[in-house]
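Here are my notes on the model you sent over. Have it open beside you as you go through the points.

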Amino acid sequence: MKYLQQFSQFISILLLFACNLHAQDTDYYQLKSEYLSLKNSDPRISKEKEWVNLAKRLERFYFEHGSNKDSVEALYNAVIAYEEIYKATSDKTMLNTAITLLTRLYRDHPHHELADDALIRLGNAYLYGYGSKTLAERAYSKVIDEYPDSDMYPVALAKLKQHGERKERQTEVKAKLKYGNLHQVPVVVIDPGHGGEDTGARGKYGLLEKDVVLDIALKIKKMAEKQNNFSVKLTRTSDVFVPLVERANIANDFEASIFLSLHVNSLTKGKTTGIETYYLDNTKDKASQRLAAIENQAGLFLQKTPDLNFILSDLIQRAKLPDSILLAKTIHTTLVKGMAQKWGGQKDLGIKKAPFYLLVGAHMPCILLELYFINNPKDEERLSQENFRMDIAKEIVKGIEKYFLKVTYEKH
Ligand SMILES: [Zn+2]
């Protein structure tokens, strides 16, 4: 009997749990009033769990109800809730979720009345959460360029005057004067993978993928600026979280000619070394898919949305695949040969195709480089050396130059 009682208790707890798990909010006004009353009764976020739960319900309401006016407002309120939780707890994952959702809002609902507000919030999140002036300026500038009649226009203008990176703008003006048109020099977007809370892979002695790739990207930018054959834009210039979808947006906004994402490989079992280069494709190769699953983690929930298929077909229509393969081959062979000359025998892991989420949204030839293995102590030691990183950067710059020569030669 006692067992039966316990068993029925167990079942009722299980049912309660299951019901909670599948509870679906169908009425936005009900949900909104719950949210507002929590906001009024607990402005200091002492009931953190309740706040997180409500933020998640608001977020889920959006993803379950498509893009009507209410659901976009629910998304916006989810953002505010995540921001409030971040302010009270300093939990960066809350801020990162807010950043991802804001990026989603302005990209997918540019005509919604909250799109300009979302951009201001996005700028503030980058500025005050990460101290990233570049990404903040990008968000504020979008209000200036795309919403000139908005009530947020003066706010954006004031923010830019106060925090804008004048230096960047002046060099762009100079480049315009020199070349007549900025886009006569091809723009290369370099994407240092990961950033912020998303550290990427970690070596045995503590070296982090996010730091290695940022340093190499900054070196590439510096070299390219001296040589002036192409201009380099980075998706991040500091240790900041940037949603995957925003990385492709940045490349599209700059009308980049090519897009290179930098990563460091890692194996959970066994040791190997070498460079792998990927271009986007829907492959069935299991090893590639496993790697793609790891790299895609930072944008996991975005993948589940149907627009992935849409963007993919868009990309295929643009027929960038041959250019992506040419780019992959040119950079890969230059890099492997160059590093072999300077550092001895190199294991060539080859050029592969994989369905990286990151590369799907970009409308230009794009590749992803996996530079050595951080879980291999010898690779980790080399990757922490200034000279080694410098040589990787040099060979990538050479590879990019060779690619542009080939493209010009083939097209004229
Ligand atoms: Zn990575």
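This is a predicted model: local features need pLDDT of at least 70, side-chain atom pairs count only at pLDDT 80 or more; totals for chains, interfaces and linings use all residues.

1. A word on terms before the details: helices here are DSSP runs of H or I with at least four residues, numbered from the N terminus.

2. The overall picture. The protein chain has 18 helices and six strands. Of its 412 residues, 51% are buried. If you take the contacts with a separation of 6 or more, 77% of them join residues 24 or more positions apart.

3. Back to H6 itself, which covers residues 115-130.

4. H5 passes the same kind of check. Its 17 residues should span 24 Å at 1.5 Å a residue, and the end C-alpha atoms lie 24 Å apart, which agrees. This helix is mostly covered too: twelve of the 17 residues are buried. Among them are Met94, Leu95, Asn96, Ala98 and Ile99, and the buried set also includes Arg104, Leu105 and Tyr106.

5. What does H5 pack against? One partner is H3: residues 48-64 (H3) and residues 92-108 (H5) pack at an angle of about 25°, with the axes 13 Å apart. Angles under 35 degrees count as roughly parallel, and H3 and H5 are therefore roughly parallel to each other. Their crossing is left-handed.

6. Now the residues at that contact. From H3 come Val52, Glu59, Tyr62 and Phe63, and they meet Met94, Thr97, Leu101, Arg104 and Asp108 in H5. Sorted by class, the contact of H3 with H5 has five nonpolar, one polar and three charged residues. Three of the H5 residues in this contact, Met94, Leu101 and Arg104, are also on the buried list for H5. As a reminder, an α-helix has 3.6 residues a turn, so residues three or four places apart point the same way.

7. Leu135, Arg138 and Lys142 of H7 make the contact with Glu246, Asn249, Ile250 and Asp253 of H11. By class, the residues of the H7 and H11 contact divide into two nonpolar, one polar and four charged.

8. Two backbone angles I'd like you to look at. Ser90, in the loop between H4 (69-89) and H5, has a phi near 60°, a positive value in a residue other than glycine. Is Ser90 buried or exposed? Its relative accessible area is 56%, and exposed means over 50%, so Ser90 is exposed.

9. The other one is Tyr372, which has a positive phi of about 65° although it is not a glycine. Tyr372 belongs to strand S6, residues 366-373. Its relative accessible area is 2%; buried means under 20%, so Tyr372 counts as buried. Thus the exposed Ser90 is in a loop, whereas the buried Tyr372 is in a strand.

Definitions and conventions
Residues are numbered from 1 along each chain as its sequence is written. Side-chain values use heavy atoms; hydrogens and water are left out. Axes are lines fitted to C-alpha atoms, for helices over the stretch in contact, and angles run from 0 to 180 degrees between N-to-C directions. Angles under 35 degrees count as roughly parallel, over 145 as roughly antiparallel, 65 to 115 as roughly perpendicular and the rest as oblique. A crossing is left-handed if the near helix is turned anticlockwise from the far one by less than a right angle, and right-handed if clockwise. Contact means heavy atoms within 4.5 Å. Ala, Val, Leu, Ile, Met, Phe, Trp, Tyr, Cys and Pro count as nonpolar, Asp, Glu, Lys and Arg as charged, and the others, Gly among them, as polar. Buried means under 20% relative accessible area, exposed over 50%, partly exposed in between (1.4 Å probe, protein chains only). The expected span of a helix is 1.5 Å times one less than its number of residues.
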